[in-house]
Amino acid sequence: MYEFTRSQEKGYNVIMSGENVVLTGDAGAGKSYLLDKIIADKRKEKKQVIVVAPTGVAALHVGGATAHRTFKIPFNPIVEPPKFISNVLSGVDTVIIEEVGMCRFDVFNFIAFQILAANNKRANLLLDPIQLVLCGDFFQLPPVMTNEDKGILEAHYGQQIPAGYTFLSALWDQFNFRYLCLNEVIRQKDKEFSEQLKMARFGDTRSIEYFEDMSSYRPIEKAISLYATNKKAQAKNDVALAEIDSPSKVYLSKITGEVKESDKIVPDNLELKVGARVMSVINSAGMGFVNGSLGTVVELNTRTVTVEFDNGYSCEIAPYQWEITSYNYNNQTKKVEKNTIGTYEQLPLKLAWAITIHKSQGQTYDAVNIDPYCWDYGQLYTALSRCTDIKKLHLTSRINPKWLVASYDVLNFYRSHTWD
């Protein structure tokens with residue numbers, strides 16, 4: 001058996017049994033680690049498993065495909081049911097939706113309609129229904145919904161839609177979900193820090209005093225800065241790079257096949273200088289760095305760069321090729337196959353004096369400087385929970401209680417269900 005926490009072990013057993021599950025938990029509680037083990041073991045049992053995510057970058061992180069590609073979902077607000085069932089569902093046993101907190105309810109409707117229709121066909125053939133596993137934390141960043149999207153959806157449904165969370169779908173209850181919550185935090189070892197983050201997760205402003213009193217009073221050298229807006233993060237990186245008085249080099253990406261802007265995890269044109277702060281976006285534990293590792297560029301080469309990571313390791317970073325994939329059902333083999341439909345090649349690095357809170361979701365940093373100005377549900381909690389040590393967290397200003405907000409819909413959702 002793997003080294004699981006108590007709640008991870010329970011989650012493993014329930015999901016392996018085939019039940020439909022909503023798997024959630026605090027940031028850093030090991031949701032992705034658990035799912036990786038479950039996927040591997042289900043495939044050992046010859047189960048057909050597909051993993052999808054709401055965005056291209058999230059899909060790359062989980063080694064899956066986007067929900068839109070898999071289920072042929074329109075990108076505009078969805079007000080009509082699908083006219084077909086994805087052929088992938090002909091042979092799949094388990095569908096896993098990662099980062100489900102960012103999956104808008106109309107997108108979930110489109111997926112759920114297809115799964116339920118496929119299950120009706122399977123019932124006639126005396127086959128087990130497709131297992132649906134949803135993984136994510138609704139207390140973190142909500143689904144993206146523009147004012148135009150909101151207007152179209154509210155006009156169609158005839159009601160106000162505050163944030164469009166997945167669980168607001170009219171088809172949600174059709175799946176009889178078992179609700180599982182991982183409650184042992186792995187990322188933060190300090191018990192008080194973990195407890196205060198739990199309070200912040202629920203929008204409890206009494207936690208603000210702790211974060212202001214216990215965090216570092218001084219900006220932390222070499223720490224990554226987190227901002228709510230892309231404009232602020234980009235400005236920080238642009239200014240810091242310009243201040244380095246040395247020649248720059250621009251590294252260009254290579255693209256083949258079907259690659260959308262949302263699939264690109266790093267910039268097409270990556271400008272670097274010796275002395276630039278960068279972050280790895282891939283795992284390479286054997287080379288001494290992982291996804292989220294921070295370092296400094298020490299040498300620019302023709303196709304590669306040499307980075308000295310903050311943990312002391314130095315290595316030459318070569319271009320990395322990401323495969324953009326899609327799922328299809330092979331009628332001859334009767335199996336679901338993952339096919340490469342495009343490739344994106346670039347140095348697996350991005351400038352890292354600063355990053356947006358949105359892009360930091362799912363990552364862990366040794367030290368962070370946080371601009372606490374936030375406006376969206378769960379935004380500040382997401383930022384605060386990226387760091388492993390409260391002493392290595394610096395706030396650039398005091399926290400306005402209005403910035404630490406949890407959605408009423410999410411609070412009501414969590415309180416209205418029994419969580420194992």
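Colleague: Leaving aside its neighbours within four places in sequence, with which residues is Ile96 in contact?

Modeller: In this predicted model, Ile96 lies in strand 4, and at 1% relative accessibility it counts as buried, because buried means under 20% relative accessible area. The C-alpha atoms of Ile96 and Val52 are separated by 6.3 Å, although the two residues are 44 residues apart along the chain. Once neighbours within four places in sequence are left aside, the residues in contact with Ile96 are Leu35, Ile39, Val49, Ile50, Val51, Val52 and Val133.

Colleague: Which members of the largest nonpolar core touch the most other members?

Modeller: In soluble globular proteins, nonpolar side chains tend to be buried together. Here the largest nonpolar core has 63 residues, and those that touch the most other members are Val95, Phe108, Phe138 and Trp172.

Colleague: Which helix gives the most to this core?

Modeller: The core in question is the largest nonpolar one, with Phe108 among the members that touch the most others. Its greatest contribution, seven residues, comes from the run 105-124, which is helix 5.

Colleague: With which residues is Phe138 in contact, leaving aside its neighbours within four places in sequence?

Modeller: Phe138 is one of the residues of the largest nonpolar core that touch the most other members, and Trp172 is another. With sequence neighbours within four places left aside, the contacts of Phe138 are Val22, Thr24, Val100, Gly101, Tyr165, Thr166, Phe167, Trp172, Val410, Phe413 and Tyr414.

Colleague: How many residues apart in sequence are the parts that the pair of Tyr179 and Trp419 ties together?

Modeller: Tyr179 and Trp419 form an aromatic pair with 5.2 Å centre to centre and 65° between the planes, which is edge-to-face. Tyr179 counts as buried at 9% relative accessibility. Since Tyr179 lies in strand 6 (residues 178-182) and Trp419 in the segment after helix 12 (408-415), the pair ties together parts whose separation in sequence is 240 residues.

Colleague: Is His68 buried or exposed?

Modeller: His68 lies in helix 4, and it touches Pro54, Ile73, Pro74, Phe75 and Val107, not counting residues up to four places away in sequence. His68 is also among the residues that lie nearest the centre of the second largest pocket. Its relative accessibility is 14%, and because the cut-off for buried is under 20%, His68 counts as buried.

Colleague: Which helix gives the most to the lining of the second largest pocket?

Modeller: This pocket has a volume of about 490 Å³, and its lining of 23 residues includes Pro54, Thr55, His68, Phe75 and Val144, which lie nearest its centre. The lining divides into 10 nonpolar, six polar and seven charged residues. Helix 3 (56-61) and helix 4 (67-71) each supply at least two lining residues, and the one that gives the most, with three residues, is helix 4.

Colleague: What is the volume of the largest cavity?

Modeller: The structure holds four cavities of 30 Å³ or more. The largest cavity is lined by residues including Gly56, Arg69, Asp263 and Ile324, and the lining divides into four nonpolar, four polar and two charged residues. Helix 3 gives the most to this lining, with three residues, and the volume of the largest cavity is about 40 Å³.

Colleague: What is the phi of Glu99?

Modeller: Glu99 is found in the loop between strand 4 (94-97) and helix 5, where it is partly exposed, with a relative accessible area of 22%. Although Glu99 is not a glycine, its phi is positive, at about 50°.

Conventions
Residues are numbered from 1 along each chain as its sequence is written. This is a predicted model: local features need pLDDT of at least 70, side-chain atom pairs count only at pLDDT 80 or more; totals for chains, interfaces and linings use all residues. Side-chain values use heavy atoms; hydrogens and water are left out. On a 1 Å grid over the protein atoms alone, a cavity is a set of points where a 1.4 Å probe fits but cannot get out, and a pocket is an open set with protein on both sides within 12 Å along at least five of seven lines; lining residues have an atom within 4 Å of a point. Grid points are joined across faces, edges and corners, and a volume is the space filled by probe spheres set on the points. Helices (H or I, at least four residues) and strands (E, at least two) are DSSP runs, numbered from the N terminus. Ala, Val, Leu, Ile, Met, Phe, Trp, Tyr, Cys and Pro count as nonpolar, Asp, Glu, Lys and Arg as charged, and the others, Gly among them, as polar. A nonpolar core is a set of buried Ala, Val, Leu, Ile, Met, Phe, Trp, Tyr and Cys residues joined through side-chain atoms within 4.5 Å. Buried means under 20% relative accessible area, exposed over 50%, partly exposed in between (1.4 Å probe, protein chains only). Contact means heavy atoms within 4.5 Å. Rings of Phe, Tyr and Trp (its six-membered ring) pair if their centres lie within 6.5 Å; planes under 30 degrees apart count as stacked, over 60 as edge-to-face and the rest as tilted.
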